[in-house]
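I opened my notebook on this one with a simple plan: look at the overall fold, then settle on one residue. Here is what I looked up, in order.

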Amino acid sequence: MLGIAETSISGSIPSTIGNLKKLQTLSIYTSLLSGPIPIEIGDCTELENIYLYENSLSGSVPSSLQRLKNLKNLLLWQNSLVGVIPPELGNCLQLVLIDISMNSLTGVIPVTFGKLGSLQEL
């Protein structure tokens with residue numbers, strides 16, 4: 001677990017986050033993070049929980065998240081994310097909770113979300 005929540009930590013998430021192959025929980029919320037979510041986060045194939053809410057993250061939700069087959073909780077609310085919800089998230093079949101509210105996302109809920117049989121909250 002990498003937990004740096006409710007701090008004044010600032011800056012961006014380094015692309016080297018992808019080197020943390022055994023990381024199961026990424027918890028950096030209510031902080032001052034900015035910049036994009038690096039695509040390399042998809043290399044953390046053991047991730048089960050991503051808690052990056054209440055920051056100033058920008059850019060799009062990376063489609064590389066589809067490689068996180070164990071992902072259960074994806075909380076990205078209250079950031080500055082833009083673009084569409086990646087349909088590839090429908091490949092994360094273990095997802096139970098997705099909260100991407102309070103961003104500037106556009107488009108529709110991907111039809112691929114119909115495959116998320118464990119999803120309890122969207």
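Predicted model: local features only at pLDDT ≥ 70, side-chain atom pairs only at ≥ 80, totals over all residues.

**Overall fold.** Along the sequence I read β-β-β-β-β-β-β-β-β-β, and my tally for the chain was 0 helices and 10 strands. The radius of gyration is 13 Å, close to the 14 Å from the globule rule for 122 residues, so the chain is as compact as a globular protein of that length. The C-alpha atoms fill a box of roughly 40 × 30 × 20 Å along the principal axes. I found 41% of the 122 residues buried.

**Strand pairing.** Next I followed strand 4 (residues 32–36). Strand 2 (residues 10–11) pairs with it in the parallel sense over 2 bridges, and Ser 10 has Leu 32 as its bridge partner there.

Then I turned to Asn 79, in the loop between strand 7 (73–75) and strand 8 (80–84). Is Asn 79 buried or exposed? Its relative accessibility is 8%, so I logged Asn 79 as buried, the cut-off being under 20%. What does its side chain reach at 2.9 Å? I found the backbone oxygen of Leu 52. A polar atom of the Asn 79 side chain also lies 3.3 Å from the backbone nitrogen of Asn 55. Beyond its neighbours within four places in sequence, Asn 79 has contacts that include Tyr 53, Ser 56 and Met 102.

Methods. Residues numbered from 1 in each chain as written. Heavy atoms only, no water. Helix = DSSP H or I, 4+ residues; strand = E, 2+ residues; numbered from the N terminus. Buried < 20%, exposed > 50% of the residue type's maximum accessible area, 1.4 Å probe, protein only. Polar contact = N/O pair within 3.5 Å; in protein donor to acceptor, adjacent residues only side chain to side chain. Contact = heavy atoms within 4.5 Å. Pairing = 2+ DSSP bridges. Rg over C-alpha atoms; globule rule 2.2 N^0.38 Å.
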